[in-house]
Every structure is written in structure tokens, then in C-alpha cells.
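Open your viewer and get ready to click along. We will visit a pocket, then some aromatic rings, and finish with a look at confidence.

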Amino acid sequence: ILEEMNMTQATSCGGVVIFRGKILVLYKNIKNKYEGWVLPKGTVEEGEAHRDTALREVMEESGVKASIIKYIDKSEYTFNVGDEVIVKDVHWYLMMADNYYSKPQREEFFTDSGYYKYHEAYHLLKFSNEKQILEKAYAEYLEMKKQHQWGIKNY
């Protein structure tokens, strides 16, 4: 069915990175065209595991070395490139950083990044599907924190 409608399937992975209750968001700006605040994510490379893609993309886009806590969910959206429809699946992971450091990567078109409180991050995020993922991830984080399962490392 995909061929007939000129559709292409693409897969990305990303992360909701949390440190001390704050969430990492990135500001994307391509050729001075406002893109908005987003969660870090990117395309799966040939033969790469989803978890590895998510960690690599977080590192490439934000300079943050995070660790995966658990899988959250998949979001799906479509967009057009010329007369082609791209159907994109994004697999999201809840991640933990161990400090507030982040450095937006200019060559990836990110001009700002930072850790924000939940309600700030939620309002900053441009895409509703990313807001939904943030909601799920943050609820998961709060639940784990309540059960004393979050960041057993050195929290």
C-alpha cells in the first residue's frame, strides 16, 4: 500500500532526559527560520539498535551523555517532502543525566538548550506529540521517584 501512495517509512529515536526533576529541551533554528523547542531525537542508522540511536542522538544534538532508564512509547506522524509522504515512527526513552551540562550543536541547527521545570518544558515544546510523550515520561519519573527507584546511582 505504501508504494501506491508514494509513502516512505522512517524511524527515529529520542529521549526525555531528566536531571533533578528538570527536562532537557533544545531550540532548533534552521537558516533563521524559527523551528521551536523540541526533544532530542534522530534517525536510526543501518544496523543500529533503537536504544543506541536514542543515546547517540541525545549526545550529538545536546552534548549530553545520558543513560536510559526505560522505554516510554512510540509517537507517529506524517509530513510531506515534495510529493512524497513520510510516515515517521519515533521511539522514546526516559533517560537520566548526571548533571545540568548541555551544549547545543550548531551543526545540527540547535542554537539553545537547557533543563527546564516540567510545566516550562511542556509549554515550550512545539509539537503536541512531544508534549504527550513528555507527559508520559514525567509521570513515569514521578512514580519511580515515589518508589525510590529513580537514579539509584547518587540521587
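Stop 1: About 390 Å³ of space lies in the largest pocket. Here a pocket is an open set of points on a 1 Å grid over the protein atoms alone, where a 1.4 Å probe fits and protein lies on both sides within 12 Å along at least five of seven lines; lining residues have an atom within 4 Å of a point. The volume is the space filled by probe spheres set on the points, which are joined across faces, edges and corners.

Select Lys 28, Lys 41, Tyr 77, Lys 88 and Phe 127: of the 17 lining residues, these are the closest to the pocket's centre. Now colour β3, β4 (41-43), β5 (67-81) and α3, the elements that each give two or more residues to the lining. β4 gives the most, with three residues. Helices (H or I, at least four residues) and strands (E, at least two) are DSSP runs, numbered from the N terminus.

A note before moving on: this is a predicted model, where local features need pLDDT of at least 70 and side-chain atom pairs count only at pLDDT 80 or more, while totals for chains, interfaces and linings use all residues. Residues are numbered from 1 along each chain as its sequence is written, and side-chain values use heavy atoms, with hydrogens and water left out.

**Stop 2: aromatic pairs.** The whole structure holds 10 aromatic pairs. Select Phe 19 and Tyr 100, an edge-to-face pair with 4.6 Å centre to centre and 85 degrees between the planes. Phe 19 lies in strand β1 (residues 7-19) and Tyr 100 in the loop between β6 (84-96) and β7 (110-116), so the pair ties together parts 81 residues apart in sequence. Rings of Phe, Tyr and Trp (its six-membered ring) pair if their centres lie within 6.5 Å; planes under 30 degrees apart count as stacked, over 60 as edge-to-face and the rest as tilted.

Next, select Tyr 138 and Tyr 141, which both lie in helix α3 (residues 128-146), three residues apart.

**Stop 3: confidence.** Colour by pLDDT, the predictor's confidence in each residue, from 0 to 100. The protein chain averages 92, and 94% of the residues score at least 70. Among its elements, helix α2 (residues 118-124) has the highest mean (98) and strand β3 (residues 33-38) the lowest (84).
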